[in-house]
Amino acid sequence: MLAKRIIPCLDVRDGKVVKGVQFREHEIVGDIIELAERYSAEGADELVFYDITASSDGRMVDRNWIKRVAESIDIPFCVAGGIRTVDDARAILANGADKISINSPALETPALIEEMAKEFGIQCVVVGIDSREQDGDYFVYQYTGDEAKTKATQRRTLDWVSEAASRGAGEIVLNCMNQDGMRKGYDIAQLSAVRAKIDIPLISSGGAGALEHFADAFIKAHVDGALAASVFHKKVLTIGEVKDYLKKQGVTVRI
Amino acid sequence: MKNKTTLAIVDSGVANLTSVMAAAKRLGSEAEITSDPAKIKAASKVILPGVGAAAAAMQQLKAKNLIETIRALTQPVLGICLGMQIMFERSEESGGCDCLGVIPGKIARLPDKKGMPIPHMGWNSISIRAKEHPLFKGVEDGSFVYFVHSYAAPVSENTLASCEYSAAFTAIAGYKNFIGCQFHPERSSQVGQQILQNFLDM
């Protein structure tokens with residue numbers, strides 16, 4: 001049986017790991033390789049590196065650190081941020097990343113999902129979605145790496161996840177913006193609504209702050225993985241504590 | 001004192017070699033990525049990595065004149081993921097293609113089952129069948145390892161460890177000096193590292 005995954009997310013800006021609250025007020029939390037090694041030693045199942053400035057600046061992620069990460073850790077990792085073309089993705093995968101994640105570029109050019117899935121296989125293609133509840137529905141947001149450029153799109157989140165999956169996304173990371181950095185729990189209602197729409201792996205993001213939050217995401221919203229940042233960066237919880245707790249709740253985890 | 005292990009990682013042209021090379025380095029192995037038949041023959045251990053489609057991988061090996069070289073190897077050879085699949089006689093992937101045939105059997109697509117998307121991707125546990133095999137020294141039954149694949153070898157008498165997804169399949173196969181590993185030991189944390197170390201110690 002597949003284990004449920006715990007995935008620390010490292011937001012990268014200018015070669016350092018940073019973390020903001022609700023996508024704002026970024027503070028430096030550490031060195032990329034140091035944190036990557038720490039989390040893989042602690043039992044992380046996968047890491048996501050997200051260059052939060054890349055997409056909104058219109059520049060590509062700096063690739064030098066990707067190879068160093070690939071050489072340093074022995075768990076899979078995903079790189080996100082400003083990947084706009086098949087060639088961008090190829091370069092990142094060639095440097096040793098296991099997956100690439102696209103967000104804003106997929107919204108601008110949905111066919112990019114198909115192109116990448118065809119070229120690299122759907123297992124490499126993750127679609128990240130920033131979503132916020134509004135008047136009883138969920139809507140996709142774009143350019144969330146930069147507060148000044150962040151904007152709502154006309155896309156309903158539930159339509160977009162279905163479209164992304166049918167175009168060849170291998171996995172969806174749903175970042176519930178209302179919850180991000182608040183550590184008040186994942187948006188279980190939103191995750192459940194998305195879960196009902198897709199069969200491909202769904203990763204919850206935004207809001208993890210306590211042991212029960214992880215259990216809720218797996219048991220109530222049936223996600224495949226839970227992504228978290230500040231709760232691990234600030235050592236509120238360790239990955240080991242989260243996994244021990246989940247195991248006691250009957251969730252299959254790798255310990 | 002042990003003889004020094006030299007490891008040849010076969011450059012099949014379709015593999016992501018960075019992570020396999022890095023894993024070998026972490027284990028302190030003297031590894032070289034090569035498509036030179038002489039170097040591959042001379043190495044004390046050979047790893048055949050691979051990602052992508054079976055037919056493309058076989059074409060690359062053919063273009064590099066490596067098919068007969070690999071078939072004739074007598075030292076321990078470890079195929080990883082697609083590298084494992086092409087060790088079998090045939091794969092039904094993309095209309096079917098003949099493979100190296102150094103392990104008996106055929107590769108088939110994992111069956112579809114509700115709630116179990118293909119590819120099978122993530123950490124899954126293995127059931128060790130050949131408990132005395134040197135590859136499993138220090139590896140617990142039920143250990144989790146990292147898989148990414150849509151095709152697999154059915155369980156057979158050459159299965160050393162199996163895994164269960166939409167059907168039971170071979171996680172590790174062994175036949176003579178050829179070992180095939182469906183998962184990615186180089187991405188499977190301590191368990192994967194132990195298996196790689198055990199292979200290098202064989």
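This is a predicted model: local features need pLDDT of at least 70, side-chain atom pairs count only at pLDDT 80 or more; totals for chains, interfaces and linings use all residues.
At what angle do helix 3 of chain A and helix 1 of chain B pack?

1. Residues are numbered from 1 along each chain as its sequence is written, while chains are lettered from A and ligands numbered from 1 in the order in which they are written.

2. Back to the question: helix 3 (residues 64–72) of chain A packs against helix 1 of chain B at about 45°, and their axes are 8 Å apart. Axes here are lines fitted to C-alpha atoms, for helices over the stretch in contact, with angles running from 0 to 180 degrees between N-to-C directions. The 45° angle therefore makes the two helices oblique to each other; under 35 degrees would be roughly parallel, over 145 roughly antiparallel, 65 to 115 roughly perpendicular, and the rest is oblique. Helices (H or I, at least four residues) and strands (E, at least two) are DSSP runs, numbered from the N terminus.

3. Which residues meet there? On the chain A helix they are Lys67(A), Ala70(A) and Glu71(A), facing Thr18(B), Ser19(B) and Ala22(B) on helix 1 of chain B. By class, that contact has two nonpolar, two polar and two charged residues. Nonpolar covers Ala, Val, Leu, Ile, Met, Phe, Trp, Tyr, Cys and Pro; charged covers Asp, Glu, Lys and Arg; the others, Gly among them, are polar.

4. Now the whole contact between the chains: 22 residues come from chain A and 21 residues from chain B, counting two residues as touching if their C-beta atoms, placed from the backbone, lie within 7 Å. On the chain B side, helix 1 (17–26), strand 8 (120–128), strand 9 (144–149) and helix 6 (189–201) each give at least two residues. Strand 8 of chain B has the largest share, five residues. That side has nine nonpolar, ten polar and two charged residues.

5. Have a look at the cis peptide bond between Ile118(B) and Pro119(B), with omega about 5°. Pro119(B) sits in the loop between strand 7 (103–109) and strand 8 of chain B.

6. Asn65(B) isn't a glycine, yet its phi is positive, about 55°. You'll find Asn65(B) in the loop between helix 3 (54–63) and helix 4 (67–71) of chain B. Asn65(B) is exposed, with 10 other C-beta atoms within 10 Å; the cut-offs are 12 or fewer for exposed, 20 or more for buried, and partly exposed in between, with C-beta atoms placed from the backbone.

7. Ser189(B), in helix 6 of chain B, also has a positive phi, near 55°. Ser189(B) is buried, with 23 C-beta neighbours inside 10 Å.
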